[in-house]
Amino acid sequence: MAAGRPRGGSGTGWVVSKDRLMTNAHVVSNARFLTVEKENDPKKYIAVVEHIAHDCDLALLKVLDPAFFKDTKPLPLGGIPELETSVT
């Protein structure tokens with residue numbers, strides 16, 4: 001692909017709060033414009049990266065239109081494991 005040309009990509013994410021999504025950092029790294037989609041909804045919603053952590057390959061996105069979150073439930077997350085803990 002030539003330099004300066006727009007490129008597209010895709011990835012998955014999950015709802016973690018009333019207006020936030022979590023995805024992998026490599027999915028949104030260096031993105032200038034992000035849109036997200038929801039299953040069974042053809043609309044594309046604009047999102048912005050709020051935090052990105054390449055060391056754990058995670059990124060937190062804020063979706064600008066609250067309508068995206070209609071009929072969604074955040075994924076419940078457990079506690080944070082201690083350093084050096086084995087996890088599966």
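Author: Here come the labels, each set against its cut-off.

Author: A bit of housekeeping: this is a predicted model, where local features need pLDDT of at least 70, side-chain atom pairs count only at pLDDT 80 or more, and totals for chains, interfaces and linings use all residues. Residues are numbered from 1 along each chain as its sequence is written, and side-chain values use heavy atoms, with hydrogens and water left out.

Reader: What makes up the chain in terms of helices and strands?

Author: The chain has one helix and five strands, in the order β-β-α-β-β-β along the sequence. Those names come from DSSP runs numbered from the N terminus: a helix is H or I over at least four residues, a strand is E over at least two. The C-alpha atoms fill a box of roughly 45 × 35 × 20 Å along the principal axes.

Reader: Why is R20 called buried?

Author: Buried means under 20% relative accessible area, exposed means over 50%, and partly exposed is in between (1.4 Å probe, protein chains only). R20 has 18% relative accessibility, so R20 counts as buried. Buried residues make up 20% of the 88 residues in the chain.

Reader: Which way do the residues of β2 point?

Author: In β2 (residues 20-23), R20 and M22 point one way while L21 and T23 point the other, and all are buried. In a regular strand the side chains alternate between the two faces of the sheet.

Reader: What does R20 touch, apart from its sequence neighbours?

Author: Contact means heavy atoms within 4.5 Å. Leaving aside neighbours within four places in sequence, R20 is in contact with W14, V15, E50, L60, L61, K62 and F69. Across the chain, residues 24 or more positions apart account for 50% of the contacts with a separation of 6 or more.

Reader: How do you know that β1 and β2 pair?

Author: Two strands pair if DSSP finds at least two bridges between them. Strand β1 (residues 13-17) and β2 have four bridges in the antiparallel sense, so they meet that cut-off. V15 has L21 as its bridge partner in β2, W14 stands opposite M22, and a hairpin of two residues joins the strands.

Reader: And what joins β2 to β5?

Author: Four bridges again, with β2 and β5 (residues 58-63) running antiparallel. T23 has A59 as its bridge partner in β5.

Reader: What makes the largest nonpolar core a core?

Author: A nonpolar core is a set of buried Ala, Val, Leu, Ile, Met, Phe, Trp, Tyr and Cys residues joined through side-chain atoms within 4.5 Å. The largest one has twelve residues: V15, L21, V28, L34, V36, Y45, A47, A59, L61, V63, F68 and F69. At least two of its residues come from each of β3 (34-38), β4 (41-53) and β5, and β5 gives the most, with three.

Reader: Which residues line the second largest pocket?

Author: The lining is W14, M22, H51, I52, A53, C56, L58, A59, L60 and L77, with β4 and β5 being the elements that give two or more residues. On a 1 Å grid over the protein atoms alone, a pocket is an open set of points where a 1.4 Å probe fits, with protein on both sides within 12 Å along at least five of seven lines, and lining residues have an atom within 4 Å of a point. This pocket holds about 200 Å³ of space, the volume being the space filled by probe spheres set on points joined across faces, edges and corners.

Reader: How many residues of that lining are nonpolar, polar or charged?

Author: Nine are nonpolar, one is polar and none is charged. Ala, Val, Leu, Ile, Met, Phe, Trp, Tyr, Cys and Pro count as nonpolar, Asp, Glu, Lys and Arg as charged, and the others, Gly among them, as polar.

Reader: What is the phi of N30?

Author: N30 has a positive phi of about 70° although it is not a glycine. Most residues other than glycine have a negative phi. E84, in the segment after β5, also has a positive phi, near 70°, and counts as exposed because its relative accessibility is 81%.
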